[in-house]
Amino acid sequence: MPSTATRAPATAGALTPPSPRPSRSTVPDSRTITDPAPRPAPRAPGGSGDDTADGAGRPPMRRINAALFGIGLATFAMLFATQPLLPELAAAFDSRPDHVSWTVSGATVGLALAVLPLSLVSERVGRRRMMTIGVLVALALACLIPFAPGLASLTALRVLQGAALAAIPASAVAYLSEELDKRAMVGAVGLFIAGNSVGGMSGRILAGWTSEALGWRAALLAVAGLAAIGAALYLVLLPAARNFTPTPLRPREALGTVAHHLRNTLLLRLYAIGMLLMTAFSAVYTAVAFRLTEDPFGLSAGVAGTVFVIYLVGTCSSSMTGVTVTRLGRRGALYVGIGAITAGLVLSLSQNLTLLLLALVLITGGFFLGHAVASAAVGRAATRARAQASALYTVTYYGGASAGGVLGALTYHKAHWEGTVAFALVALVTAAGVTLYATLRSHSAQRLAAASH
């Protein structure tokens, strides 16, 4: 699955009018972080890329980039580890698809519920410490999960693991925004998102092939080992924070800021779009694990898991967000993403494996494009406390992942693949309706402005 960090390309044609760049702020937003030393000038193209900070205070960019890639890989390898194993879990526990799907949705529910509180705690204990505690707890749980005696205990452990993993998206981008200048941060966030994508893909593929050879318990242990490598990369390489200043916890002020964001109709539309896109996407990728292993395809667990290499299409499409938004505007890019997913869903009804794989390419590319556009627009729509506005997007986004996983599996159980496709199309039509509403409001405002002149 996709990443929880916000990609923010500097592009025109936004869903919302551009706002002035605010001072660097945290939750609550009244505090501004000031750097203890002046920021160095941006490195000229073709610079040396030193691995350690120099005398002028240059941040150790290669270390930071590699560390954030590692923890992004570890996070998403663990978060979706059970998704390719759902058919085997259903057989092992003699359970229905929608019941075993909770081993995936439970983790995303835990993350969605914990990300906002942990983002507040990170204001007090520090970003690096918050991420370190989260990834170590998640790894400890990853070593226990393969030995769960039943489906209920497996699901409960996955909920706890998701809550622990929430510490990473709650703190990673805030760490980067405090330690790096704007130019360097764009590349670092990009590598964090790349780590998310690679971790989600490689974890699923590794789980599928290991399960085929040794069973689902060994598969989950293998994913824990992969995540441990990514976590070790992070622990060894990420420098201590230089610009973090702890602040007292102020829950009342934080709740006031949340209420402010929830009164912002622009933000509410973006949250709804992100949630609905993720609902459709999660439904497809949860149910497709069953469809690929059943008639008429009958693929083995390993081969079915390899299908997740299609996630690389999402990495490519999200990296093209800036160009697409520049040419079409944010709403135009959203229509392209929704259209691609819709076309993929219709094409996926085919009984031909090649056409099904092409359909997954369209669905994946369209989803990652739409998600990148919506998440980037959140920072422009928020008038203050942008970090908290992004955290709320993460809550709704993973709420959509949870709902899509369970309901996608349920509709597959009740009405096969056609039921899952119909459910996903309902979510997409709703997302298109929200986008169209924003388009009509924008055109109406433009006509009123022209008439007033």
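The crossing of helices α4 and α7 is right-handed. That is where I will start, and please keep in mind that this is a predicted model.

Two packed helices are described by the angle between their axes and the distance between the axes. Here, α4 covers residues 102-125 and α7 covers residues 167-179. They pack at an angle of about 45°, and their axes are 8 Å apart. Angles under 35 degrees would count as roughly parallel, and 65 to 115 as roughly perpendicular. The pair α4 and α7 is therefore oblique.

Which residues make the contact? From α4 there are Val115, Leu118, Ser119 and Ser122. From α7 there are Ala167, Pro169, Ala170 and Ser171. Sorted by type, the residues of this contact are 5 nonpolar and 3 polar, with no charged ones.

Next, the backbone. Most residues other than glycine have a negative phi, and most peptide bonds are trans.

From Asp295 to Pro296 the bond is cis, with omega near 10°. Pro296 sits in the loop between α11, residues 265-293, and α12, residues 301-306.

Then Asp94. This residue is not a glycine, yet its phi is positive, at about 50°. To find Asp94, go to the loop between α2 (86-92) and α3 (97-100). Is Asp94 buried or exposed? Its relative accessible area is 74%. The cut-off for exposed is over 50%, so Asp94 is exposed.

Where is His416? It belongs to helix α16, which runs over residues 386-452. His416 has a relative accessible area of 51%, and with exposed set at over 50%, His416 therefore counts as exposed.

To finish, a residue on the inside. Thr364 is part of helix α15, residues 353-381. Its relative accessibility is 0%. Buried means under 20%, so Thr364 is buried.

What is Thr364 in contact with, leaving aside its neighbours within four places in sequence? The list is Phe281, Tyr285, Ile310, Tyr311, Gly314 and Ser317. If you have the structure open, pick Thr364 in α15 and look for those residues around it, including Tyr285 and Tyr311.

That is what I have on this model.

Conventions:
Residues numbered from 1 in each chain as written. Predicted model: local features only at pLDDT ≥ 70, side-chain atom pairs only at ≥ 80, totals over all residues. Heavy atoms only, no water. Axes fitted to C-alpha atoms, helices over the stretch in contact; angles between N-to-C directions. Helix = DSSP H or I, 4+ residues; strand = E, 2+ residues; numbered from the N terminus. Parallel < 35°, antiparallel > 145°, perpendicular 65-115°, else oblique. Left-handed = near helix turned anticlockwise from the far one by under 90°. Contact = heavy atoms within 4.5 Å. Nonpolar A, V, L, I, M, F, W, Y, C, P; charged D, E, K, R; others polar. Buried < 20%, exposed > 50% of the residue type's maximum accessible area, 1.4 Å probe, protein only.
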